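Me: I'm new to this one and would like to learn how to read it, feature by feature. Can you walk me through it?

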Amino acid sequence: MEIRRRELLKAGVAAAAVASLGKTQAVTRGESSTVASALNAQGPRQRILLDANWRFKAVKPLLPLHAVSIDRWQWMEGTPDQADVMTNPDLHLKAGKWKSMSSGDDIFHGRVGYAWCRTELPAMPDAGRIIEFTHVDDNGTIYLNGKKLYHHIGWADAFSVPLDSAWKPHGPNVLTVLVQNTSGGGGITGPVTFGVRPEARQSRMAAVDFNDETWRVVELPHDYIVEGKYDPKADKGHGYLPVYPAWYRKHFFLSASDSGKAVWLDFEGVYRDAHVYLNGQLLGRHQGGYTPFRFDISKVANFGSENILAVYVDPTRFEGWWYEGGGIYRHVWLNVADPVHVLPWGVYVVSDVHHLENNPTADLTIQTSVVNESAQRHTCNIVSTVTDPRGQSVAQVSNELILSPGESGAITQVAALQHADLWSLENRNLYTLTTQVYRGGALVDAHLQKFGIRTIRYDAEKGFFLNEQAVKLQGTCNHQDFVGVGIGAPDSLWYWRVRKLKEIGCNAIRCSHNIMAPAFYDACDELGVLVMDENRRLGDDYGAKTAVGDPYKNMWHVDEMVLRDRNHPSIIMWSLCNEEYMVQNTEYGKKVFAALMQSVHKYDRTRPITCAMSGNWSNARIHGWDANADFHRLHGFETVENLQGCNYDPFNYDRFHKAYPHVKMFGSEIGSNTSDRGIYKTDIPAGLVSAYHGNPENSWQPVAIRPFIAGGFVWTGFDYRGEPTPCGWPSINSHFGLLDMCGFPKDVAMYYKAWWGEKPLVHIFPHWNWPGHEGKTIRVWCYSNCDEIELRINGTSYGRKAMPRYKHVQWDVSYHPGHIEAYGYNNGTLTAIHRIETTGRPAALLLVPDRYILRADGQDVVPITISVVDSAGRLVPTANNKIHMSVSGAGINAGVGNGDPACLEPNKADYRSAFNGLCMVLVRAQHTGGLIRVRATADGIKAAAVQLLAKA
């Protein structure tokens with residue numbers, strides 16, 4: 001089933017604006033009502049969601065054609081400045097200096113430095129020659145016949161290099177690799193294959209007559225890597241899930257009346273290296289795994305008949321060092337518009353706010369870009385209508401724009417608002433701009449854009465201001481990985497996740513280390529959370545890090561981030577990179593960063609530019625923290641960026657601020673404290689970390705007490721797959737989160753909830769179920785924002801302790817079953833209590849859905865918490881019962897989880913073991929309305945059931 005949407009709008013679209021465009025049909029998306037069809041069936045623009053009924057098939061990685069294994073090499077130690085000599089194909093390899101090696105050999109044995117490796121390639125008459133490396137430890141620069149072809153960073157990252165540009169048809173062809181080793185073993189430590197690109201074998205599955213009837217039907221967003229089986233041989237950093245390519249195919253229909261119009265496909269995100277075909281023809285390739293892309297199909301599509309869209313996805317090369325998944329994991333849209341239309345991301349609204357303290361007003365500057373894809377010259381009338389959060393029209397402006405055939409042009413319009421409803425964390429006021437394009441008196445295009453009106457300011461002494469009100473950034477860093485569904489998260493889960501972070505007092509989110517799905521920013525706009533939007537990497541390549549000398553001519557990834565996201569009021573800074581150790585303090589790094597900043601400034605100048613910098617984030621540190629160091633002695637990124645992002649090193653905030661008092665600072669990454677929910681003894685072999693280990697005090701306190709630090713982003717809000725520091729197998733996800741993978745709060749979350757909130761709060765741990773430990777000493781910790789804490793065990797008081805600000809208090813007590821209580825006092829008055837009881841044995845299950853009503857659109861997902869409780873209905877904090885779930889009726893099981901970082905049970909299953917009393921099932925609505933019945937059972941205890949309603 002395809003959903004035809006002329007333009008998606010959130011709740012509050014002006015009735016007058018919509019009425020002027022045609023009939024509307026209300027649906028829901030995320031948490032808000034949307035207008036699914038802002039234009040009627042005869043309207044000028046169509047935006048059609050192509051997420052349903054994709055055919056999917058996983059395939060084996062394609063090997064090069066005519067593949068030859070390259071095994072024998074000659075090598076010697078050297079340095080990068082020898083390139084002219086060492087890459088010369090006529091170089092004589094002197095015996096004694098040059099040694100023999102095989103692919104797979106460790107030639108460094110712990111030595112840090114460089115080695116030159118050379119081999120002669122055999123004849124290969126066919127075009128499309130490539131060389132494939134599985135492991136070059138750690139980094140490699142590839143030359144053929146003296147020509148530099150590629151520089152690769154990353155020891156565990158397979159890569160291929162095209163050779164035709166330097167190939168000699170009559171030979172010899174000498175391949176040279178400069179290997180850099182930074183620690184441990186090193187060399188060309190994996191197989192190397194020479195052959196011809198395998199695209200010819202790829203394209204057969206894109207053919208129009210290819211039979212895909214046996215392929216599995218899936219709904220987007222879709223991550224197929226998360227469906228796999230954990231394997232200790234797979235990459236640890238990516239969560240021990242094997243990665244492999246796959247094909248997707250989609251059949252869709254285009255009306256004959258759409259012929260002659262502008263028709264294009266929008267992909268919000270594919271991980272990664274997507275080859276896109278329509279009706280058997282290759283539209284193009286997009287290698288980036290995090291950025292959106294589009295293809296014009298107006299000259300390839302079949303009008304009045306069926307079209308076949310095919311996408312080959314290959315996630316086997318990584319862009320990061322965390323779980324990245326694989327598949328078409330964001331929405332796909334089909335767009336049909338008049339040849340004269342507003343360009344994608346072509347509307348931009350900037351507000352200049354006055355009289356903030358008393359009846360704010362605003363001057364709006366509206367920039368609109370329009371393209372003429374017809375063969376005639378046209379005079380267009382551009383009408384821009386502004387509606388306020390209540391749906392009332394508050395401004396309208398109109399201008400002419402003359403466009404020649406094939407020309408695009410932009411106009412700037414100004415509108416004054418006599419009263420401005422400001423966007424803030426508490427009042428999430430969103431305006432709607434309706435852009436209408438007329439030619440010859442007829443409406444030919446309409447575009448709808450949400451925006452917010454607010455001011456932001458950073459001060460080197462006083463931090464961050466929103467609408468001239470001081471706001472401490474109480475932030476968390478987050479990857480895009482979700483429980484159950486991996487990176488393929490429907491929009492509703494983005495809203496759910498933002499709400500979970502808000503519940504612990506989080507008011508800001510850093511996108512780590514890439515832009516997120518559009519629904520994430522909508523959720524932040526609507527729920528009131530600030531955003532640090534972040535670009536994946538600096539240069540033109542797709543690897544994890546940038547090295548000195550890497551090319552940086554192509555800024556498309558930054559362009560797309562800014563163009564796509566610039567109208568969101570929640571975004572308060574642009575981050576251009578994360579922890580680029582090799583270049584951040586160099587002149588080269590300064591040039592790259594300045595070039596990227598210029599790219600940002602082409603499209604937005606309303607937000608400061610920063611990055612997350614770790615290790616030597618100041619020249620003062622390099623020079624021994626010279627308190628008299630001159631401000632202008634900063635190096636690299638710091639000389640050009642607007643905000644200093646400081647990853648860790650909090651005890652040097654004051655030294656840096658004293659040395660550089662004009663620099664505006666914030667904690668771009670703080671914390672990295674590890675702990676697991678309900679675990680109170682670290683067991684590294686079992687992959688579990690104690691809650692006592694996750695002490696956050698040295699992370700937030702240095703930020704909180706310094707006004708000149710604008711705030712900080714804790715690593716991380718949620719746990720995520722991969723990076724199982726400090727553990728290895730069987731731990732398959734991180735331990736950094738304040739919340740586990742399911743969004744269940746860990747004890748450490750209560751520390752932040754206490755100090756990020758105003759309501760008095762007391763939280764003590766551990767639980768009080770310790771059979772066999774009677775009479776033994778138990779450490780009891782308390783997080784609280786109260787002045788004093790009194791501990792009582794079974795009614796006996798252990799006295800009061802003063803709560804140090806941003807710290808914790810603790811007691812060593814003798815364990816006896818019963819109950820333990822903490823009383824929080826402010827100014828001598830009891831203001832908060834936390835009580836923990838020894839529970840009975842598991843007796844029953846309890847199902848609690850996040851909500852009871854879903855949209856019957858095939859996408860809406862509701863998380864359901866499954867608790868193991870005793871006969872009194874209390875959560876049993878040590879329960880690990882295996883729980884079976886069944887979902888019937890108008891919904892399906894979309895995935896399961898339990899927050900256990902060492903659980904190797906599948907993410908897609910009808911069962912899950914409880915982890916310390918809790919687990920979760922995600923229920924996804926289908927395309928027809930009706931009741932959804934969810935039932936959970938476990939051996940020996942009472943079952944539970946709940947009903948949801950999917951509304952069509």
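Me: How far apart are the end C-alpha atoms of helix α7, and what span should its 17 residues give?

Reply: Helices here (H or I, at least four residues) and strands (E, at least two) are DSSP runs, numbered from the N terminus. The expected span of a helix is 1.5 Å times one less than its number of residues. For α7, residues 587–603, that should be 24 Å, and the end C-alpha atoms are 25 Å apart, which agrees. Before we go on: this is a predicted model, where local features need pLDDT of at least 70 and side-chain atom pairs count only at pLDDT 80 or more, while totals for chains, interfaces and linings use all residues. Residues are numbered from 1 along each chain as its sequence is written, and side-chain values use heavy atoms, with hydrogens and water left out.

Me: Which residues of α7 are buried?

Reply: A handy general idea first: an α-helix has 3.6 residues a turn, so residues three or four places apart point the same way. "Buried" means under 20% relative accessible area, "exposed" over 50%, and "partly exposed" in between (1.4 Å probe, protein chains only). In α7 the buried ones are Tyr-588, Gly-589, Val-592, Phe-593, Ala-595, Leu-596, Met-597, Ser-599 and Val-600.

Me: What do the buried residues of α7 pack against?

Reply: Look for contacts, meaning heavy atoms within 4.5 Å. The partners are helix α6 (556–565) plus the strands β37 (571–578) and β38 (609–614).

Me: How do I read the empty spaces?

Reply: Rolling a probe the size of a water molecule over the atoms shows where empty space is left. On a 1 Å grid over the protein atoms alone, a cavity is a set of points where a 1.4 Å probe fits but cannot get out; a pocket is an open set with protein on both sides within 12 Å along at least five of seven lines, and lining residues have an atom within 4 Å of a point. Grid points are joined across faces, edges and corners, and a volume is the space filled by probe spheres set on the points. By this rule there are nine cavities of 30 Å³ or more.

Me: What lines the second largest cavity?

Reply: That cavity holds about 150 Å³ of space. It has 15 lining residues, with Thr-291, Glu-319, Arg-536, Trp-556 and His-557 nearest its centre. To sort a lining, count Ala, Val, Leu, Ile, Met, Phe, Trp, Tyr, Cys and Pro as nonpolar, Asp, Glu, Lys and Arg as charged, and the others, Gly among them, as polar. Here that gives four nonpolar, six polar and five charged.

Me: And what is the volume of the second largest pocket?

Reply: About 880 Å³. Of its 36 lining residues, Arg-677, Pro-745, Leu-875, Asn-916 and Leu-918 are the closest to its centre. Elements giving two or more residues to this lining include α4 (491–503), α11 (747–756) and β55 (918–925). The lining splits into 19 nonpolar, nine polar and eight charged residues.

Me: How many disulfides are there?

Reply: Zero, taking a disulfide as a pair of cysteine sulfur atoms within 2.5 Å. For Cys-477, the nearest cysteine sulfur belongs to Cys-506 and is 9.6 Å away. Cys-477 is also buried, at 0% relative accessibility.
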